[in-house]
Amino acid sequence: MPSTAKRIKQEPGISTTPVETLAASDEATDANRGSDAGQPKPESLDPVSPQEIEETIMKLVESQKEGINESIMKVAMPFVTPSQRVNAINKLLAKGKIEILKQGGTLVYRYVNQDKMKGCDKDERLVFQVIERAGNKGIWIRDIRSFSGLVLPQLNKVLKNLESKKLIKVVKSVSAAKKRLYMLYELEPDRSVTGGAWYSGQEFESEFVEILQQQCYRFLVSSRLV
């Protein structure tokens with residue numbers, strides 16, 4: 001069975017565990033539970049095909065935007081063995097239909113929109129997924145480099161390609177004029193990035209604020225509150 005360890009995206013400072021190792025651990029745990037209870041492990045009356053397992057996993061990840069973990073899979077597929085589950089996961093990873101992340105100490109499997117990523121190579125897919133996780137607050141190139149593991153010249157090339165395909169865009173933050181943030185092309189930047197109504201581009205709308213102050217003062221005078 002091919003190892004998926006290289007496909008696991010890792011948070012800084014957290015070690016990864018191959019999917020095969022987790023499967024072996026699950027099988028040992030299930031066997032111990034059956035032994036402790038004095039009963040054999042339940043068998044499915046209708047064997048599930050590998051294709052059916054893959055389809056079930058795809059339905060689960062498509063329904064959960066933030067991804068699913070092993071516990072959700074076990075509940076949804078109670079008669080599927082850990083080995084069968086891992087085989088299906090590895091096939092879906094190889095096809096690029098799902099991605100695997102490590103959040104804290106838990107592996108999470110998430111849906112990958114293949115239509116959007118059509119024509120992208122593996123580095124472009126990786127960088128896109130890193131930027132996607134940042135949401136509408138964007139992510140700095142230094143952090144993209146840290147999460148992707150790409151060297152700067154290679155990363156710059158990937159970012160340029162994704163921009164030309166209109167998959168990502170560059171946004172400047174009002175809090176740091178020289179800081180270029182990357183986010184998905186279709187997203188509207190968060191107010192913490194744009195400054196909200198008080199900013200136009202990166203310029204503070206001082207005239208707008210002054211007019212607003214005058215209008216507020218006139219209202220207070222007319223209401224005899226000052």
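## A tour of helices and salt bridges

Begin by selecting lysine 166, which takes a positive phi of about 55° just after α7, where helices (H or I, at least four residues) and strands (E, at least two) are DSSP runs numbered from the N terminus. This is a predicted model, in which local features need pLDDT of at least 70, side-chain atom pairs count only at pLDDT 80 or more, and totals for chains, interfaces and linings use all residues. Residues are numbered from 1 along each chain as its sequence is written, and side-chain values use heavy atoms, with hydrogens and water left out.

Next, select α7 itself, residues 152-164. Its buried residues are Leu155, Val158, Leu159 and Leu162, buried being under 20% relative accessible area, exposed over 50% and partly exposed in between (1.4 Å probe, protein chains only). They cover an arc of only 100° around the axis, which puts them on the same side of α7; the arc is that of the directions from the helix axis to the C-beta atoms. Turn to the face away from that buried side to find the exposed Pro153, Lys157, Lys160 and Ser164.

Then select lysine 95 and glutamate 54, which form a salt bridge with their closest N and O atoms 3.1 Å apart, the term meaning a side-chain nitrogen of Lys or Arg within 4 Å of a carboxyl oxygen of Asp or Glu. Lysine 95 lies in the loop between α4 and β2 and glutamate 54 in helix α2, so the pair ties together parts that are 41 residues apart in sequence. Lysine 95 is partly exposed at 44% relative accessible area, whereas glutamate 54, at 10%, counts as buried.

Conventions:
The expected span of a helix is 1.5 Å times one less than its number of residues.
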